[in-house]
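Have a look at the model first.

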Amino acid sequence: MKNSCITMHWLVVIVVVAAFVFGVGFGGASIVSADVIGVGGEVTSLMAKDLASGKQVNIVEGVDKPTIIAFMQSACRACLDEIRNTQTWLNDNPGKVNFILVSVDMAASKELLDGYAKKWKIRGTWYSDPDFAIPPVFGMNFTPGMVILGKDRKVIMIKKGWNSGQAKKFQADLTSTFE
């Protein structure tokens with residue numbers, strides 16, 4: 001009896017892990033993407049919820065200048081550090097790039113993100129991706145993450161994770177990228 005309980009336990013663990021890896025039964029969103037876009041790849045469509053209208057929109061449609069797309073969660077301290085550091089750079093370099101923020105919070109709302117933006121003085125265009133469908137397109141399976149597109153919508157940089165000890169280097173990288 002004891003061995004069958006142990007076997008059943010491991011079978012359940014294997015099924016749950018497989019479900020997360022392959023996206024079965026958990027909102028259909030897979031954390032593994034077959035078509036990963038890397039540096040140099042063109043981004044023609046990224047669908048997310050526009051929090052102002054509540055509709056699914058292509059967040060890169062109409063991009064006419066370099067664009068920073070940041071993936072974040074409101075409860076993630078590293079996400080906040082990365083976004084605030086990016087906002088500091090944007091404040092010092094006004095008008096150079098678009099700033100798009102994609103919340104992967106499952107319960108993101110316009111009110112939640114407006115309050116977050118106001119509290120932390122973050123300016124950008126907010127979208128919601130509660131199924132975590134966009135980050136895997138760039139090979140990401142965690143936050144924070146960032147993708148930088150050129151005005152031609154080709155990927156210039158993919159940044160996974162955040163190290164606050166490298167904040168000045170990150171700002172220098174942004175400056176050299178957009179000179």
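What covers the buried residues of H4? Strand E3 (67-72), helix H2 (77-92), strand E6 (145-149) and strand E7 (155-160) are included in that cover. The buried residues in H4 (residues 167-177) are Ala167, Phe170, Gln171 and Leu174, where buried means under 20% relative accessible area, exposed over 50%, and partly exposed in between (1.4 Å probe, protein chains only). They fall within an arc of 95° seen down the helix axis, so they line one face of H4; the arc is that of the directions from the axis to the C-beta atoms. An α-helix has 3.6 residues a turn, so residues three or four places apart point the same way.

A word on ground rules: this is a predicted model, where local features need pLDDT of at least 70, side-chain atom pairs count only at pLDDT 80 or more, and totals for chains, interfaces and linings use all residues. Residues are numbered from 1 along each chain as its sequence is written, and side-chain values use heavy atoms, leaving out hydrogens and water.

Zooming out, the chain has 4 helices and 7 strands; these are DSSP runs (H or I, at least four residues; E, at least two), numbered from the N terminus. Of its 179 residues, 41% are buried.

Most residues other than glycine have a negative phi, and most peptide bonds are trans.

| Residue | Phi | Relative accessibility |
|---|---|---|
| Phe132 | about 55° | 15%, buried |
| Arg153 | about 65° | 22%, partly exposed |

Phe132 sits in the loop between E5 and E6, and Arg153 in the one between E6 and E7. Thr143 and Pro144 are joined by a cis peptide bond, with omega about 0°.

Note on methods
Contact means heavy atoms within 4.5 Å.
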